[in-house]
Amino acid sequence: MKAAIIGAGNIGRALAQGLVESGAAVPAAITVTRRNSAALAEFAAEGFITGTDNREAVRNADVIFLCILPQQLNAVLDEIAPMLQAQRQLVVSVVTGAHSSDLRRHLGDEARIIRAMPNTALRVKASMTCLAASGATDEDLRFVQHLFGTMGSSIVINEELMSAATALCACGIAFFLRSIRAAAQGGVEIGFHAHDAITIAAQTALGAAQLLLQNGTHPEEEIDKVTSPKGCTIAGLNEMEHQGLSSALIKGIKLSASIAGELYKK
């Protein structure tokens, strides 16, 4: 398979590695583009084809990954549209806020499109990726699910939920990192050195997530297992709730989802 990755940022880098590690393509069959050619040196050293010409990258690709900013999308779509062969080429977009109908206005009604919303944990093969297909075949969707499955977990959702997925999945990495940082800061206040506090907080967060994913339980079920009458856990939880922990997270996720849905339009 030949692939073109338009945009060689963090997501583009992870996708290039994922394509190779999944066995879908070899580096010499993957073209990676970026406006700043100097930023492509690392890709070239690893055997990937690199360049700044998106039209040339798309010409012979079987799959085209759009890994660019929303404000760059229209120009890129107009650039590659004359080269696109809808019946032969699959377009996978990780562009925030751009609906498949937005892509079709530039690429045509016959375009096979899959929208993907991963997060930066792709780099450590622990991403949560949400997928939505439009005009793509079942085989297309299986391929993309397999690809992102090599870099974490994936789920197929209704496209109307993609802005919500951006908030909970992509922005969510930052939200949980901030929560871990706050926990580590609390750890320093009670006596740990900063490095040890971060290690303890991060591993504890990982363990909490694994309890839910492996046991298939609800968070409150696992919380009940570590809270006892008049205990220190319930005292801490109640104080956090009094200070607005859950409310702040919910409001932040709702605001991020609202803004995500407008980024391409603006």
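This is a predicted model: local features need pLDDT of at least 70, side-chain atom pairs count only at pLDDT 80 or more; totals for chains, interfaces and linings use all residues.

Student: How many helices and strands does the protein chain come to?

Tutor: The protein chain has 12 helices and 8 strands. Its C-alpha atoms fill a box of roughly 70 × 40 × 35 Å along the principal axes.

Student: What share of the residues is buried?

Tutor: Of the 266 residues in the protein chain, 38% are buried. As for contacts between residues at least 6 apart in sequence, 62% join residues at least 24 apart.

Student: Switching to annotations. Which residues does UniProt list for the catalytic N-terminal domain?

Tutor: The unreviewed UniProt entry lists residues 3-96 as "domain: Pyrroline-5-carboxylate reductase catalytic N-terminal". Over residues 3-96 the chain is 36% helix and 20% strand.

Student: Which residue is listed under "binding site"?

Tutor: N54, according to the unreviewed UniProt entry. N54 sits in helix 3, residues 54-59.

Student: Is N54 buried or exposed?

Tutor: N54 is buried, because its relative accessibility is 10% and the cut-off for buried is under 20%. Leaving out residues up to four places away in sequence, N54 touches I6, T33, V76, E79 and I80.

Student: New topic: E159. Where is it found?

Tutor: E159 lies in the loop between strand 8 (152-156) and helix 7. E159 is buried too, with a relative accessible area of 12%.

Student: Which side chains make polar contacts with the side chain of E159?

Tutor: One is the side chain of H99, at 3.5 Å. The side chain of R115 is another, at 3.1 Å.

Student: And which residues is E159 in contact with, leaving aside neighbours within four places?

Tutor: H99, S100, R115, A132 and S134 are in contact with E159.

Student: Now helix 7 itself. At what angle does it pack with helix 8?

Tutor: Helix 7 (residues 162-170) and helix 8 (residues 172-189) pack at about 30 degrees, and their axes are 4 Å apart. So helix 7 is roughly parallel to helix 8, as angles under 35 degrees count as roughly parallel.

Student: Which residues meet there?

Tutor: From helix 7, A167, L168, C169 and A170. From helix 8, G172, I173, A174 and F175. By class, the contact of helix 7 with helix 8 has 7 nonpolar residues, 1 polar and no charged ones.

Notes. Residues are numbered from 1 along each chain as its sequence is written. Side-chain values use heavy atoms; hydrogens and water are left out. Axes are lines fitted to C-alpha atoms, for helices over the stretch in contact, and angles run from 0 to 180 degrees between N-to-C directions. Helices (H or I, at least four residues) and strands (E, at least two) are DSSP runs, numbered from the N terminus. Angles under 35 degrees count as roughly parallel, over 145 as roughly antiparallel, 65 to 115 as roughly perpendicular and the rest as oblique. Contact means heavy atoms within 4.5 Å. Ala, Val, Leu, Ile, Met, Phe, Trp, Tyr, Cys and Pro count as nonpolar, Asp, Glu, Lys and Arg as charged, and the others, Gly among them, as polar. Buried means under 20% relative accessible area, exposed over 50%, partly exposed in between (1.4 Å probe, protein chains only). A polar contact is a pair of N or O atoms within 3.5 Å; within protein, one must be able to donate a hydrogen and the other to accept it, and residues adjacent in sequence count only if both atoms are side-chain atoms. UniProt positions are given in the numbering used here, feature names are shortened, and annotations may be inferred rather than shown by experiment.
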